[in-house]
Amino acid sequence: MGLYLRHSLGFFLQLTPCIELCLIPFAEWMFVCRKRLAMIGCAVFCAAASALFPVVLFYPADTKLLSLSLLANLYMLLMLLILVAAFFWIVRDSAEKKLFVVFLTLLYAMTQYVLANLFQAILGGRVSAEIYSPMDFTLYVVTTLVMFPLMVLLMWKVIRNYLGEIDFQNIRREFGATILLSLLYFVMLMVYSSITPLDYQLYWWHLMPTFLFTLVVLGIFYWFLFQESIHKRKESEYQRTLEIQRLQYQNITREMENASRTRHDARHYLLGLHEMLEKGETDGMKEYLSNIIERVDHRDNEFYCENQTINGLLQYYAGLAHDGDIRWEAQADCGELPIQATDLTVLLGNTLENALHACRAVKTGGWIRVQIGQIGGSLVIQADNACAKVYPSGRCQLGEGFLPAEAFLSGKLGGGYGLRSITLTAQKYGGDAGFRFDEETKTFTSRIRMNLHPEIL
């Protein structure tokens, strides 16, 4: 009975942490079922496979050590393939990201295996032909207690937070080469372990350090691959954002000019109609036209601040808000700024475009409040607006104050780069941007800070 339990628990310690580590980095909404249910289901499958392991292995007295190792490795490989297939079906994300997590977990499994065998060789070598001898089992317990919590933290705090930053399209060749090397290493380790007798001390004592060193090198490869992917993604995204900024600046400037010209022409038309109607009895229509003229005059002549770019943008978006029956309130106190007009246009334009988009999705009672001013050596912009709902990315917990742009997904058809563009523009001037959604008041807040004196950074 003790032999059966030791082999079942030893197999369970090797198998179960691997699939659980694969599931940890992915957010709840990426699963075809509840994440907790998926993790429990995988653990139950591992328990059943572990209970069956000693039965499949079956130790007759005359079993050769070679066939015993090979049978154990083949059974382990079969269970791993089943779990990986289930993992790919359970998690809804790109195949590259899932493959990346699988091979990171495989590094953990191979490291545990190599360390357990290396320590056993150091402590005196194998004295038993069992797959999980008492010393084997003890070493797997110890290595699991030490390594598994560290891997959980790595998956949860590092891989989970930055998995969305990895763009494997930019490093397809490097990614493929690293995965191929990992696969070759795994196959080589399994082959050597399967064909080498368990009591062959030369293998465990001399080759295990070599395998361990190779694992360290592979781990370094994965780290550089991870960093290179993020770097290339940010570089690509920055170049794309610059192009979007240029187009947005041209579009917004053109729209502002067209809107101003249209309102100017409409004013003259309305004045002519007003004079004509004065001769009739249509008092109601006359009052209506007077309100229209007053409204157009108010929009054209409303003054917010000395800065022409900010003043023009606020006038433009005030007109769009009034046209959409969205309550508008804006305060600005700033003059000339050491910030390019294109950057101000993109930053404030994106912020107010997002606010208008959110207000149009609100059935009634849309509102926008904008505050712009200088605090110390920084330009601070805060925009609050009505917002029915947001689309969290799953990378941050909502309700914990101001969050980065990566915490939210675009609600626009086809996606967008508005929040990311705002953040990059703020960072260009040594500043930052944060965003918050208040579920109770249904309010979305954008807070942006830009340093006006970069020379003191």
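1. For the cut-offs, buried means under 20% relative accessible area, exposed means over 50%, and partly exposed is in between (1.4 Å probe, protein chains only). Lys 442 sits in the loop between S6 and S7, and its phi is near 55 degrees, a positive value in a residue other than glycine. Helices (H or I, at least four residues) and strands (E, at least two) are DSSP runs, numbered from the N terminus.

2. A word on what we're looking at. This is a predicted model, in which local features need pLDDT of at least 70 and side-chain atom pairs count only at pLDDT 80 or more, while totals for chains, interfaces and linings use all residues. Residues are numbered from 1 along each chain as its sequence is written, and side-chain values use heavy atoms, with hydrogens and water left out.

3. Asp 325 also has a positive phi, near 55 degrees, in a residue other than glycine. You'll find Asp 325 in the loop between helix H9 (308-323) and S1. Asp 325 is exposed, with a relative accessible area of 68%.

4. Now the sheet. Five strands make an open sheet in the order S1-S2-S3-S7-S6, and the pairing is mixed. Strand S1 (327-333) and strand S6 (432-438) are the edges, each pairing on one side only. On average, neighbouring strands are turned by 10 degrees against each other, direction ignored. Two strands count as paired if DSSP finds at least two bridges between them.

5. Strands S2 (residues 367-375) and S3 (residues 378-386) pair antiparallel over eight bridges. They form a hairpin with two residues between them, and Gly 376 in the turn has a positive phi of about 65 degrees.

6. How does S3 connect to S7? The two run antiparallel and are joined by nine bridges; Asn 385 has Phe 444 in S7 as its bridge partner. Eight of the nine residues of S3 are buried, so this strand is largely enclosed by the rest of the structure.

7. Helix H10 (residues 341-361) lies across S1, S2, S3 and strand S7 (443-451), at about 15 degrees to S3. Helix H11 (residues 418-428) lies across S6 and S7, at about 145 degrees to S6. The axes are lines fitted to C-alpha atoms, for helices over the stretch in contact, and angles run from 0 to 180 degrees between N-to-C directions.

8. Is Phe 435 buried or exposed? Phe 435 is buried, with a relative accessible area of 0%, and its place is in strand S6. Leaving aside neighbours within four places in sequence, its contacts (heavy atoms within 4.5 Å) include Phe 402, Phe 408, Leu 419, Ile 422 and Phe 444. Pro 404 is another contact; the C-alpha atoms of Phe 435 and Pro 404 are separated by 6.3 Å, although they are 31 residues apart along the chain.

9. On to the nonpolar cores, meaning sets of buried Ala, Val, Leu, Ile, Met, Phe, Trp, Tyr and Cys residues joined through side-chain atoms within 4.5 Å. The largest has 58 residues, of which Phe 11, Leu 15, Phe 26, Phe 53, Phe 87, Met 110 and Met 155 touch the most other members. Among the helices giving two or more residues to this core are H1 (2-23), H3 (65-90) and H4 (95-122), and H4 gives the most, with 14 residues. A second, separate core of 49 residues includes Tyr 304, Ala 332, Cys 359 and Ala 426.

10. Beyond neighbours within four places in sequence, Phe 87 is in contact with Ile 19, Cys 22, Leu 23, Phe 26, Lys 98 and Val 102.

11. Finally, H1: 16 of its 22 residues are buried, so this helix is largely enclosed by the rest of the structure. H1 bends by about 25 degrees at Leu 13, with a proline, Pro 17, following within four residues; the bend is the angle between axes fitted to the seven residues ending at a residue and the seven starting there.

12. Gln 120, in helix H4, counts as buried at 2% relative accessibility. Phe 213, in helix H7, counts as exposed at 58% relative accessibility.
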